[in-house]
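Subject: Structure handover

Hello,

Here is the structure I promised to pass on. Please open it first, then read the notes below.

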Amino acid sequence: MGGEGKVFTLAQVSEHNNPKDCWLVIGGKVYDVTKFLEDHPGGDEVLLSATGKDATDDFEDVGHSTSAREMMDQYYVGEIDPSTIPKKTAYKPPNQPHYNQDKTSEFIIKLLQFLVPLAILGLAFGIRFYTKST
C-alpha cells in the first residue's frame, strides 16, 4: 500500500467518514475500508458509525474471526498518532444524597412482615389444637 508507515491524526482520519471514503482506527492502525463496506457481514452502517473515533473497542466487542483479522492487512494505510486520540475517562457515578439513612424503621417493618403472619399461624394452630381436644 502507498500509505504504509504514514502517521495520521484523528482529525485527518475523521475526514474519511462516508460511503465513498471510509477510514477506521483499530488497535492504533488506520484502515481504509471503503472497498469493504458492501462486503462487511454486519453492513456498512456499522463501519460508518465507527468513523472519527478509536474503533478498537467496537471491533473487539464483536469478536471477529482470525480470518477477519488477517483480512485487515489489505486495508492498512498507516498508523494513528496516539496523542490525538482522546483519553478514556473511567466512569464515576454521580454523587447522590443518601436517602433513609436511618434504617431502623425499615428493619422493624421487615421484622413485622415476618413475625405477624407467623403469629397468626401460631394462633390458628393453637385454637385448632385446644378446640379439637375438648
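Let me start with the charged pairs. The count comes to 2 salt bridges, where a salt bridge is a side-chain nitrogen of Lys or Arg within 4 Å of a carboxyl oxygen of Asp or Glu. Side chains of opposite charge can pair when their charged atoms come close.

Before the details, a word on the source. This is a predicted model: local features need pLDDT of at least 70, side-chain atom pairs count only at pLDDT 80 or more, and totals for chains, interfaces and linings use all residues. Residues are numbered from 1 along each chain as its sequence is written, and side-chain values use heavy atoms, with hydrogens and water left out.

**The two pairs**

Lys53 is partly exposed, at 34% relative accessibility. Asp58 is partly exposed too, at 33%. For these labels, buried means under 20% relative accessible area, exposed means over 50%, and partly exposed lies in between (1.4 Å probe, protein chains only).

Glu60 forms a salt bridge with Arg69. Here the closest N and O atoms are 3.0 Å apart. Glu60 has 39% relative accessibility, so it counts as partly exposed. Arg69, at 33%, is also partly exposed.

**The overall fold**

The protein chain has 5 helices and 5 strands. These are DSSP runs, numbered from the N terminus: helices are H or I with at least four residues, strands are E with at least two. Along the sequence the pattern reads β-α-β-β-β-α-α-α-β-α.

The chain holds 134 residues, and 22% of them are buried. Take the contacts between residues at least 6 apart in sequence: 68% of these join residues at least 24 apart. Contact means heavy atoms within 4.5 Å.

**The surface**

Accessible areas come from the Shrake-Rupley method with a 1.4 Å probe; for residues, only the protein chains shown count as cover.

Patches are made of residues with over 30% relative accessible area and no salt bridge; like charges are joined within 9 Å, and nonpolar side chains (Val, Leu, Ile, Met, Phe, Trp, Tyr) within 5 Å.

One patch is nonpolar and covers about 1100 Å². Its members include Phe107, Leu111, Phe114, Leu118 and Phe125. Phe114 lies in helix α5, residues 104–133. At 54% relative accessibility, Phe114 counts as exposed.

The other patch is negative: Glu38, Asp39, Asp44 and Glu45 form it. Asp and Glu count as negative, Lys and Arg as positive; His and the chain ends are not counted. A charge is placed at NZ of Lys, CZ of Arg, CG of Asp or CD of Glu. Glu45 sits in helix α2, residues 44–49. Its relative accessible area is 56%, so Glu45 is exposed.

**Two loop residues**

Is His40 buried or exposed? At 14% relative accessibility, His40 is buried. His40 is placed in the loop between β4 (29–32) and α2. Leaving aside residues up to four places away in sequence, His40 touches Val46, Leu47 and His64.

Asp73 is in the loop between α4 (66–71) and β5 (76–80). Asp73 is exposed, at 59% relative accessibility. Asp73 and Tyr31 are 42 residues apart in sequence, yet 8.3 Å apart in space, C-alpha to C-alpha.

Best wishes
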